[in-house]
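Here is my note for anyone opening this model for the first time. Have a look at it, then read the points alongside.

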Amino acid sequence: MDTEITLRVDGADHRLTVDTRTTLLDALRERLGNTSPKKGCDHGQCGACTVLLDGRRANSCLALAVAHDGAEIVTADGLAVDGQLHPVQRSFIEHDAFQCGYCTPGQIVSAVALLDEAAAGWPSAVTFDRPDGAPDTGPIDVAGEPDEIQERMSGNLCRCAAYANMVPAIQEVAR
Ligand code: FES
């Protein structure tokens, strides 16, 4: 069944008719021509399709477009403003934090979300590195805690294994 929806993507409104089974990823890539989010696994496993969906990171391959009528979506393309790269985009380039680049848009969107979560005072996810094994109830420490970054970026896979340079790239923006 076809349904008409509106999506605000990278600051521009789009009215489109989609089949109710169309994923948000397919709507972005195939209907709107925004190829920034990538189709890796198409099963919610790799994070290549990550976008900001109403301010929160989401795997767009797992979201049905019709369920997000009226949503605001930001892709890696939309992070640059007035021709200026987002600080996370610049930092990934400066730290050589990618190899083939296929996963990079999703990695960058996820890193932007991580920094937003830290700024909002979300609690730490790191519990495995504490000497007493006690849960860390403090806020996310992106600038000083590499384990925190690795844990919170673990939904974004990189087959080239460029992880080592992503951590300092994200830390630099956090400082
Ligand atoms: Fe969506 Fe892999 S393509 S998580």
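1. A definition to start: helices (H or I, at least four residues) and strands (E, at least two) are DSSP runs, numbered from the N terminus. Residues are numbered from 1 along each chain as its sequence is written. Keep in mind that this is a predicted model, in which local features need pLDDT of at least 70, side-chain atom pairs count only at pLDDT 80 or more, and totals for chains, interfaces and linings use all residues.

2. On confidence: pLDDT is the predictor's confidence in each residue, from 0 to 100. The protein averages 93 on that scale, and 93% of the residues score at least 70. For the complex, the predictor gives a pTM of 0.93 and an ipTM of 0.98.

3. Now the layout. There are five helices and five strands in the protein, and from the N terminus on they run β-β-α-β-β-β-α-α-α-α. Along the principal axes, the C-alpha atoms fill a box of roughly 55 × 35 × 30 Å.

4. How much of the chain is buried? Of the 175 residues, 42% count as buried. Here a residue is buried if 20 or more other C-beta atoms lie within 10 Å of its own, exposed if 12 or fewer, and partly exposed in between, with C-beta atoms placed from the backbone. As for contacts (C-beta atoms, placed from the backbone, within 7 Å), residues 24 or more positions apart account for 55% of those with a separation of 6 or more.

5. Helix 1 (residues 24-31) has Leu24, Leu25, Asp26, Ala27 and Leu28 buried. Strand 1 (2-9) and strand 2 (12-19) are among what covers them. Just after helix 1 comes Gly33, with a positive phi of about 70 degrees.

6. The domain assignment gives domain 1 (2-79) and domain 2 (87-174); such bounds come from an automatic or database domain assignment. Their C-alpha centres lie 23 Å apart, and 15 residues of domain 1 are in contact with 13 residues of domain 2. On the domain 1 side, strand 3 (50-53) and strand 4 (56-59) each supply at least two residues, and strand 3 gives the most, with three. By class, that side has eight nonpolar, four polar and three charged residues (Ala, Val, Leu, Ile, Met, Phe, Trp, Tyr, Cys and Pro count as nonpolar, Asp, Glu, Lys and Arg as charged, and the others, Gly among them, as polar).

7. Two aspartates deserve a look. Asp82, in the loop between strand 5 (72-74) and helix 2, has a positive phi near 50 degrees although it is a residue other than glycine. Asp82 counts as exposed because it has 4 C-beta neighbours inside 10 Å. Asp96 is in the loop between helix 2 and helix 3, and its phi is about 55 degrees, again positive in a residue that is not a glycine. With 12 C-beta neighbours inside 10 Å, Asp96 counts as exposed.

8. Finally, helix 5. Which of its residues are buried? Met166, Val167, Ala169, Ile170, Val173 and Ala174 are, and they pack against helix 2 (87-94), helix 3 (104-119) and helix 4 (146-152). The 12 residues of helix 5 (residues 163-174) should span 16 Å at 1.5 Å a residue, and the end C-alpha atoms are 17 Å apart, which agrees; the expected span is 1.5 Å times one less than the number of residues.

Notes: Contact = placed C-beta atoms within 7 Å.
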